[in-house]
Amino acid sequence: MATKLPKTDIVLVGVGWVGGIIAAELTKKGYKVVGIERGKERSTEDYFMAHDELRYADRKEMMQDLSKETLTFRHNTTQRALPYREWGSFLIGEGTGGSGEHWNGQTFRFLPYDFEIYSETVKRYGKGKIPKGMMLQDWGITYKELEPYFDKFDAMTGIGGEPNPLPGSPQVKYPNPPMLETPVTALFKSATKDLGYHPYHMPSNNLTQPYTNPDGIARSACQYCGFCERFGCEYGAKASPVVTVLPVAKETGNFEVRPHCVVRKVLHTNGKATGVLYVDTRTGEEFIQEADVVVVSAYQMNNIKLLLNSQLGRPYDPVTGTGVIGRNYAYQTYLGTAVGFFDKDFNMYAGAGALGAQIDDFNGDFFDHTDLDFLHGATIHITQLGDRPIANNHVPPNVPSWGKEFKDASVQNANRALIIKAQGASLPWQDNYIDQDPTYKDAFGDPLLRMTFNWKDQDRQLMKFMGEKCAEIMKQMGAKEVKMTGDEIGDYDIRNYQSTHNTGGVIMGADPETSALNSYLQMWDCENVFVPGASAFAQNSGYNPTNTVGALAYRAAEGIEKYLKTGGSLV
Amino acid sequence: MTEKPKNYSRRDFLKTTGIATGALIGGGLIGGLVGLNVDKDDQHVSDTGNTNHEMGTNGGFQFFQNQREFNVISNATERIFPKDDIGPGAIDLGVPYFIDRQLAGQYGSNTKEYMQGPFAVGAKTQGYQSRLTRASIFRQGIAVLDEEANKRFEKGFSSIEAEQMDEILTAFQNDEIPMTGVTSAFFFRLLRTATLEGAYADPMYGGNRNMDGWKMKEFPGHQMSYINVIDKEKFQKIAPQPLGGM
Ligand SMILES: Cc1cc2nc3c(=O)[nH]c(=O)nc-3n(C[C@H](O)[C@H](O)[C@H](O)COP(=O)(O)OP(=O)(O)OC[C@H]3O[C@@H](n4cnc5c(N)ncnc54)[C@H](O)[C@@H]3O)c2cc1C
Ligand code: SF4
């Protein structure tokens with residue numbers, strides 16, 4: 001029998017970016033918050049000896065332990081779903097701070113177009129432009145409404161950036177200047193300008209100067225150490241929950257984190273949650289933490305799992321396209337690239353997680369899609385993250401993947417290969433979805449999630465178009481040889497890292513028939529459960545998710561406070 | 001300078017065992033003959049052989065059971081990442097030792113992977129589906145490399161010529177060699193990745209000896225800051241630094 005613990009105001013399932021923001025906002029207001037976290041407690045001290053590519057980047061030191069829990073995957077309903085046994089296409093963090101500790105910090109707002117994608121598409125091109133099976137829908141909130149929450153996230157984290165020069169793009173005033181210009185970003189900018197595009201520095205959450213945020217948290221500037229993505233930051237310069245929102249929540253005395261504890265279920269009766277059931281993995285003991293509000297903040301994928309396992313919300317049915325939990329799973333259409341080989345050396349070993357330049361000319365609806373066979377688009381960027389030697393072995397076309405020729409070419413090009421990538425939007429389809437796996441179980445015997453996902457012609461055409469743009473820019477930059485990808489995309493391949501930008505599954509919207517959450521991230525079917533996270537995205541854009549995730553978390557925090565005061569549905 | 005520790009060179013060993021210097025035994029590698037710190041000049045048995053790198057056993061084995069297994073992995077990794085005029089290959093970098101250590105630990109026993117059944121063969125794009133751990137896959141892979149060499153050339157893998165090794169490795173890569181519970185292409189992928197890891201991981205893991213992997217790529221290893229480097233037009237050469245100190 002599970003031990004019942006005294007009731008708290010708010011219980012969080014997971015203490016990453018979303019959990020941290022909710023904790024800080026509500027503890028500041030005097031509410032008691034308990035954060036249940038499956039991993040360990042992390043601190044900056046843990047990152048002092050972390051410039052170790054093998055341990056962190058290859059062996060995935062900071063990621064969720066897959067031996068305990070993973071998901072299964074298949075391309076379509078006729079294929080047998082099999083477990084994602086080792087890390088590949090995406091990585092999910094564990095421990096306080098979650099994936100927010102080892103992210104890059106490339107921090108973009110989604111576009112006004114993204115939040116109203118269905119209406120905008122119909123308005124400009126007519127209903128006929130939306131192919132059969134594509135589940136485009138509006139988010140039930142507009143960019144304008146979200147703007148103040150974006151501003152909050154930007155100020156809390158201290159984003160460094162410059163205005164996007166593209167006509168018609170939202171003009172954001174960032175609290176800090178952009179990252180340094182490097183020979184690599186300068187070359188990209190001059191080439192894209194020559195081609196008539198609108199380059200700018202990528203907005204970065206690697207602090208560009210010492211900064212004190214509105215909560216009084218002071219942090220130092222990024223040192224461009226080159227061990228950023230998949231690593232914690234030894235300077236606290238990369239915005240992460242551990243160096244921003246979590247200390248603020250703790251300082252209030254109203255926040256308690258319970259590490260090494262895994263939530264299995266949200267408990268509920270008659271349309272209201274009573275709390276959560278969790279296991280302390282050090283003892284195997286089960287506890288019930290009762291609360292007035294339950295926040296599911298366990299990362300996109302785990303959010304879906306929690307709700308399905310708790311029988312909360314109506315599971316999605318891909319045959320009829322009805323139901324909501326597991327609906328509109330999307331990813332990042334990110335395989336259009338061009339590698340360029342140069343005659344000169346760049347300082348590629350140096351870099352930062354969000355150091356880069358890009359153009360948005362081919363993202364969203366900034367370009368005319370009338371004669372194109374895909375919707376939405378991609379941002380096209382060059383980054384300088386720090387090319388570590390195990391992962392970076394670029395060789396020109398027709399060089400084999402091992403042996404003397406490979407060795408010589410990969411060594412010679414270690415500081416001479418640049419990559420341009422197109423980060424593409426991934427749109428929702430009736431048959432790309434998440435449900436419970438009928439066969440495989442996690443460490444507690446609960447069903448794993450099952451992902452059914454594949455690229456569509458939409459993705460393939462988008463990646464081909466963007467790959468060609470990348471190659472065009474790379475040639476303009478003066479590469480002596482260019483290797484392009486994006487024109488031969490087959491099935492989604494879960495083996496190779498692409499991005500940890502999984503979205504959808506518990507989406508927000510204006511209509512309870514087609515969405516799980518209202519615009520406060522409050523569940524339509526259970527008024528005291530809030531589910532902020534990329535799981536709320538109705539589709540994925542050509543940007544990294546976390547700025548939008550952060551804005552939604554601030555929005556949810558406001559909603560929770562309202563709910564605690566007035567009760568009932570907020571919309 | 002302090003006195004150099006005694007290094008047992010290959011030549012010393014060969015002298016004492018009565019094997020003539022320069023002889024190539026079986027056309028392949030002779031393992032277990034020399035110490036870890038071989039004299040640089042003395043590294044080669046012969047300049048005409050193709051696979052003439054030294055392999056010491058003084059490092060000891062944590063995973064490999066015998067010299068034969070170690071020699072097979074040494075030769076295979078050397079073909080993937082061979083010594084040439086731009087720098088050392090897998091053997092001189094200590095890659096076989098690196099792999100030995102990795103297979104003896106978490107990586108080899110798949111402690112962080114989901115290893116529950118049922119197991120089934122899936123599409124390649126569904127990833128790792130073997131019930132075997134990486135350690136078992138390597139052990140079997142080594143045995144099959146040897147078997148295949150015997151089948152094709154009537155000699156063990158370590159005794160065949162470099163081109164013959166390449167032929168067999170290519171057949172593994174192309175999934176043409178039957179293995180049990182795993183495909184040869186999967187084993188090859190593991191082997192290739194582990195070789196690159198051993199060439200370039202921090203030297204505390206046993207590979208990337210003398211940081212020579214990093215030196216080839218002009219990678220500075222563990223540095224605290226590049227803020228004074230990042231915007232420089234010219235390439236900035238920085239002496240590499242390991243995590244543990246050398
Ligand atoms: C390598 C990498 C690079 C990235 N780079 C970028 C980038 O440049 N820009 C960008 O915008 N985004 C990036 N992201 C994505 C970003 O990290 C996520 O969007 C963000 O962290 C999501 O916040 P979250 O709170 O939803 O989840 P997380 O921050 O992951 O937090 C979830 C927490 O919940 C815990 N948890 C999960 N299940 C349970 C359970 N059952 N019980 C208890 N606790 C549980 C987890 O341990 C974790 O601590 C990157 C991600 C990765 C992995
Ligand atoms: S690159 Fe900058 S932000 Fe990233 S870990 Fe290094 S110092 Fe920190």
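## A buried lysine at the chain boundary

Lys217(B) is buried, as 25 other C-beta atoms lie within 10 Å; a residue counts as buried with 20 or more other C-beta atoms within 10 Å of its own, as exposed with 12 or fewer, and as partly exposed in between, with C-beta atoms placed from the backbone. This is a predicted model, in which local features need pLDDT of at least 70 and side-chain atom pairs count only at pLDDT 80 or more, while totals for chains, interfaces and linings use all residues. Residues are numbered from 1 along each chain as its sequence is written, and chains are lettered from A and ligands numbered from 1 in the order in which they are written.

Lys217(B) belongs to helix α9 (residues 212-217) of chain B. Helices (H or I, at least four residues) and strands (E, at least two) are DSSP runs, numbered from the N terminus. Setting aside neighbours within four places in sequence, Lys217(B) is in contact with Pro389(A), Val411(A) and Ala414(A); contact means that the C-beta atoms of two residues, placed from the backbone, lie within 7 Å.

## Where the chains meet

## Two domains in chain A

Chain A is divided into domain 1 (1-159 + 239-318 + 436-454 + 502-571) and domain 2 (160-235 + 333-425 + 455-490), with bounds from an automatic or database domain assignment. Their C-alpha centres lie 27 Å apart, and the contact between them takes 48 residues from domain 1 and 47 residues from domain 2. The side of domain 1 that touches domain 2 divides into 21 nonpolar, 17 polar and 10 charged residues.

## Around ligand 1

Of the 40 residues around ligand 1, Gly14(A), Gly16(A), Gly98(A), Asn104(A) and Thr546(A) come nearest; a residue is near a molecule if its C-beta atom, placed from the backbone, lies within 6 Å of it. The largest share of this shell, three residues, comes from α1(A).

The shell divides into 15 nonpolar, 20 polar and five charged residues. Domain 1 and domain 2 of chain A each contribute at least three residues to the shell.

## Strands worth a look

Strand β16 (residues 417-424) of chain A has seven of its eight residues buried, so it is largely enclosed by the rest of the structure. Strand β13 (residues 333-341) of chain A runs antiparallel to β16(A), joined by seven bridges, and Val339(A) stands opposite Ile419(A). Strand β15 (residues 378-385) of chain A is also antiparallel to β16(A), with five bridges; there Ile382(A) stands opposite Ile420(A). Two strands pair if DSSP finds at least two bridges between them.

Elsewhere in chain A, an open sheet of four strands has the order β4-β3-β18-β17, with mixed pairing. β4 and β17 stand at the edges with a single partner strand each, so one side of each is left without a neighbour in the sheet. Strands β3 (residues 71-74) and β18 (residues 447-452) of chain A run parallel, joined by four bridges, with Leu71(A) and Leu449(A) as bridge partners.

How values were computed
Nonpolar A, V, L, I, M, F, W, Y, C, P; charged D, E, K, R; others polar.
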